[in-house]
Amino acid sequence: MQDYVRRHPIWSVIIALVAAVILWLILAPWPPGLEEAMGRKRIFLNAIFSGITLGALYFLIATGFTLIFGLMRNVNLAHGSLYLLGGYLGFEISEATGWWLLAFPLVFLIVALIGVVLQHQVFRRMEGEELRQTMVTIGLSVVLADIMLWIWGGQSYTILAPQWLSGPMELPIISGVDRSGEYSYLRYPQVRIVILIAAIVMGIAMWVVLNRTKLGMLIRAGVDDREMLTASGIRIQYVFLAVFAFGAGLAGIGGIVGGTFQSLSPGEDTRFLLASLVVVIVGGMGSIPGAALGALIIGLAEQIGLVYAPTYSVVFTFLIMAAVLAFRPQGLLGSRR
Amino acid sequence: MAVIEHAARGGLAPAWFERIPPAWWVVGFVMLLMPAFANSFWLFQVFGWTFILGIIALSLMFLAGYGGMVSLVQMTVAGVGGYMVAILGPSGVETISLGLAWWLYIPLAIIIAAVFGTVVGALAVRTEGIYTIMITLAIAAAFFYFARQNYVIFNGYTGFNLILPPQLFGIDWRQPVPFYYLSLGCAVLAYAAVVYVSRSPFGLALQGVRDNPRRMAALGFNVTAHRIAAYAFASVLASIGGILLVWQNAQISPGTVGIPAVIDILVIAVVGGLRRPIGPFIGALIYILLRTFTPDILSSFGLSTERFKLLIGLGFLAVVFFSPDGVLGLWDRWRARMRRRDPLTGREAE
């Protein structure tokens with residue numbers, strides 16, 4: 001960070017200013033003039049929080065995608081199908097057992113197993129042939145989408161959060177001022193806060209594993225120079241399998257989260273595949289911090305756009321992507337290959 | 001290549017029509033005389049669709065086969081062309097459509113779509129391989145969502161209806177026989193254009209760029225400019241296909257350019273084969289035949305008629321899994337096996 005400040009002093013000042021303004025907008029009670037210009041503060045805060053929690057969901061899905069691509073150069077365009085499948089399975093499990101939490105480990109295991117099969121049967125046969133991998137996974141996603149349509153039909157499902165998580169919670173953030181001068185505080189769905197915290201914990205845990213353990217060392221070395229790692233006698237196939245299973249399992253868990261936040265229906269698979277594509281393009285391929293940053297930016301852009309310019313909200317996302325591509329084709333935190 | 005071989009063998013070079021293989025003459029005559037023995041369903045629904053999707057897939061084949069750039073945005077470019085015809089020309093939505101004359105809105109639609117495709121191409125050529133696919137897919141999705149949400153220009157979810165081709169020379173071009181000839185003519189022109197361009201200096205340079213961009217750059221070719229120009233040419237083809245598509249449907253809506261439609265074009269081009277410009281048309285014919293007749297086949301086996309996508313997907317999966325060159329690749333391999341030569345004597349083996 002200090003390095004960045006030293007190299008780009010002007011940009012750091014601009015970033016710091018923007019961050020300060022946003023923090024002030026979130027924390028301070030708004031003066032009346034601002035409320036007239038930008039609407040109620042509660043709406044703005046809701047957009048920000050929805051953006052951050054949506055970013056957490058995108059992060060869960062995009063990390064798996066970016067890890068698999070970064071380490072193995074495997075292009076898994078069926079990643080969105082794994083997301084949707086995880087969601088449907090999570091719905092079935094939590095409906096059948098009544099335990100929302102139980103769905104997470106079970107779905108993670110099932111989808112990770114599917115990922116292992118995929119890696120072993122499909123990707124190992126066409127190592128290094130990115131185009132063919134793309135085509136095959138597109139074909140797989142078409143087939144999987146139709147099978148899921150066959151089983152679960154065209155209607156949309158919502159996974160109900162358990163009793164102790166449903167309902168709003170009060171956050172220590174001022175959302176407005178009453179006429180009597182009392183502050184009212186922001187109320188926000190509890191389950192989203194919990195999932196946001198879980199995603200942050202997950203992200204930190206992944207950072208620790210990647211940067212502080214031997215497995216993480218192997219993975220990072222594999223991302224940077226695969227040939228060298230293979231040459232030094234590491235059983236890289238096992239690392240591949242583990243990472244692929246982990247990434248696929250994350251997508252499956254993302255499905256449960258997505259089904260709890262929003263809903264599951266046919267077409268969500270491509271939506272989340274595209275979201276993770278855009279996130280990793282913006283953040284930088286193969287970089288976990290990049291995925292976090294990209295997910296945050298895209299989630300915020302989507303939700304703020306939805307509130308303040310509903311017609312163009314999708315376009316914002318892609319304008320961001322185009323701008324990043326135009327100035328930094330390798331992504332914000334990506335390394336030049 | 002053929003020209004050089006003939007010259008090397010000596011003797012008179014045969015006239016251009018002598019070099020066309022007999023099979024092509026047969027196909028040509030059958031295509032021209034089709035209305036004499038096919039009913040209007042075959043003309044309009046089967047062959048009309050084949051030519052239209054074939055043209056759009058051809059523009060993808062040109063980029064992928066000669067340029068080495070797999071672009072998923074070609075259906076979107078076609079959609080832009082179609083939308084422009086609906087917006088600039090007459091349509092059922094009179095509040096938006098401008099109702100310009102046909103000689104104005106058709107070229108304008110092609111130009112606007114080509115500019116759109118070229119701008120996307122300029123963005124996409126900054127990246128390579130899989131990144132190009134991702135970025136073009138993302139742009140295609142952006143256009144789909146934008147068209148669905150924008151009511152001022154694109155009329156949102158409903159789109160446009162009653163978009164009919166102009167009544168030129170007193171002919172209703174949407175009747176099956178005239179439309180068949182119109183789409184056939186466009187398909188032949190597009191095919192000929194791709195063949196011509198691929199043998200022109202530009203096309204040869206483009207293939208050089210595909211095979212070794214660094215060497216071509218070292219030779220003084222502007223790699224980026226060649227790639228963007230390829231996008232521009234492919235966009236013109238795609239926009240022609242898009243205009244025909246709108247006339248065929250008489251309507252356009254965001255679903256026309258949705259992700260499934262984008263993937264379909266890739267499926268068509270890959271199943272047909274990306275090596276030669278005839279591939280996309282073969283792929284389109286297979287796709288259309290499957291789409292038209294699988295419901296009957298599936299229901300005769302007692303299955304739900306809705307599993308057409310599953311069949312297409314499995315077929316596509318099988319093709320890309322076993323033959324990356326598509327049906328044409330299978331055909332080539334089969335022919336090569338038929339006349340395998342003995343490597344020592346040079347004679348044909350059993």
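1. The unreviewed UniProt entry annotates "transmembrane region" at residues 12-31, 43-68, 99-123, 135-153, 191-210, 238-261, 273-298 and 305-327 of chain A; the positions are given in the numbering used here, feature names are shortened, and such annotations may be inferred rather than shown by experiment. The model is predicted, so that local features need pLDDT of at least 70 and side-chain atom pairs count only at pLDDT 80 or more, while totals for chains, interfaces and linings use all residues. Residues are numbered from 1 along each chain as its sequence is written, chains are lettered from A and ligands numbered from 1 in the order in which they are written, and side-chain values use heavy atoms, with hydrogens and water left out.

2. Two of the annotated spans can be described further. Residues 43-68 of chain A are 100% helix and 0% strand, with end C-alpha atoms 37 Å apart, whereas residues 273-298 of chain A are 85% helix and 0% strand, with end C-alpha atoms 14 Å apart. Helices (H or I, at least four residues) and strands (E, at least two) are DSSP runs, numbered from the N terminus.

3. The second largest pocket has a volume of about 1,700 Å³. Of its 31 lining residues, Tyr4(A), Ile15(A), Leu293(A), Ile297(A) and Leu332(A) are the closest to its centre. A pocket is an open set of points on a 1 Å grid over the protein atoms alone, with protein on both sides within 12 Å along at least five of seven lines, whereas a cavity is a set where a 1.4 Å probe fits but cannot get out; lining residues have an atom within 4 Å of a point. Grid points are joined across faces, edges and corners, and a volume is the space filled by probe spheres set on the points.

4. H2(A) provides the largest share of this pocket's lining, 10 residues. By class, the lining of the second largest pocket has 27 nonpolar, 2 polar and 2 charged residues, where Ala, Val, Leu, Ile, Met, Phe, Trp, Tyr, Cys and Pro count as nonpolar, Asp, Glu, Lys and Arg as charged, and the others, Gly among them, as polar.

5. The structure holds 2 cavities of 30 Å³ or more. The largest cavity, of about 40 Å³, has Leu84(A), Tyr88(A) and Asp269(A) among its lining residues, and H7(A) gives the most to that lining, with 3 residues.

6. The second largest cavity, of about 30 Å³, is lined by Leu131(A), Gly68(B), Met69(B), Val70(B), Gly129(B) and Thr132(B); by class, this lining has 3 nonpolar, 3 polar and no charged residues.
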